Amino acid sequence: LLQPDLVCIVCFGSYDLAMRLPRRLHCGHTFCQACLKRLDTVINEQVWIPCPQCRQNTPRPRGGAAGLDLDLASFLGVKAQQTCTSSGLCSIMFLFAQSQGSCDWQRIKALICCCM
Ligand SMILES: [Zn+2]
Ligand SMILES: [Zn+2]
C-alpha cells in the first residue's frame with residue numbers, strides 16, 4: 001500500500017479535513033478545495049473549473065467546488081495522518097517517519113501508533 005500524495009500541487013499545502021479537502025476533477029486530477037474554489041471560469045455562460053494540470057474543463061457542480069467528488073485515497077490518507085498526529089509525541093514520530101522518506105505507510109503507522 002503506497003501512501004497517496006497528500007499535498008496540493010497548486011498551493012503546496014497539505015490536504016486537511018476542512019478547507020483543503022482533496023477533491024477530484026472529471027479528468028482524474030486532484031487538488032484542494034480552496035484552490036478549486038478560485039479557479040472558476042465562465043465560458044459561454046456556463047461556469048467551468050479548468051484543471052491546472054491538464055487544462056481540461058470540468059463543469060462546476062451546483063454549490064461550487066464543494067460539490068465535486070472527494071478523492072478517497074487522499075482523504076483516507078489525511079484521516080490516518082490526523083489520527084496519528086493527535087498527540088505531541090506522535091507528531092514527532094510522524095515527522096521522523098516522513099524525513100526517512102519511507103512510503104511503507106503501514107510500517108510508519110505501526111511505528112507512530114506504538115507511542116500513543
Ligand atoms: Zn491547493
Ligand atoms: Zn486534469
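Q: In which sense do strand 1 and strand 6 pair, and over how many bridges?
A: This is a predicted model. In it, strand 1, residues 22-24, pairs with strand 6 in the antiparallel sense, over two bridges.

Q: Which residue in strand 6 is the bridge partner of Arg23?
A: Leu70 is the bridge partner of Arg23.

Q: In what order do the three strands of the open sheet come?
A: The order is 2-1-6, and the pairing is antiparallel.

Q: Why is one side of strand 2 and of strand 6 left without a neighbour in the sheet?
A: Strand 2 (30-32) and strand 6 (69-70) are at the edges and have a single partner strand each, so one side of each has no neighbour in the sheet.

Q: Changing topic, backbone angles. What is phi for Phe12?
A: Phi of Phe12 is positive, about 60°, although Phe12 is not a glycine.

Q: Where is Phe12 placed?
A: Phe12 lies in the segment before strand 1.

Q: Is Phe12 buried or exposed?
A: Phe12 counts as exposed, because it has 8 C-beta neighbours inside 10 Å and the cut-off for exposed is 12 or fewer.

Q: And what about phi of Asn44?
A: Asn44 has a positive phi near 50°, and Asn44 is a residue other than glycine.

Q: Which loop is Asn44 found in?
A: Asn44 is in the loop between strand 3 (41-43) and strand 4 (46-50).

Q: Buried or exposed, for Asn44?
A: Asn44 counts as exposed, with 5 C-beta neighbours inside 10 Å.

Conventions:
Residues numbered from 1 in each chain as written. Chains lettered and ligands numbered in written order. Predicted model: local features only at pLDDT ≥ 70, side-chain atom pairs only at ≥ 80, totals over all residues. Pairing = 2+ DSSP bridges. Helix = DSSP H or I, 4+ residues; strand = E, 2+ residues; numbered from the N terminus. Buried ≥ 20, exposed ≤ 12 C-beta atoms within 10 Å, placed from the backbone.
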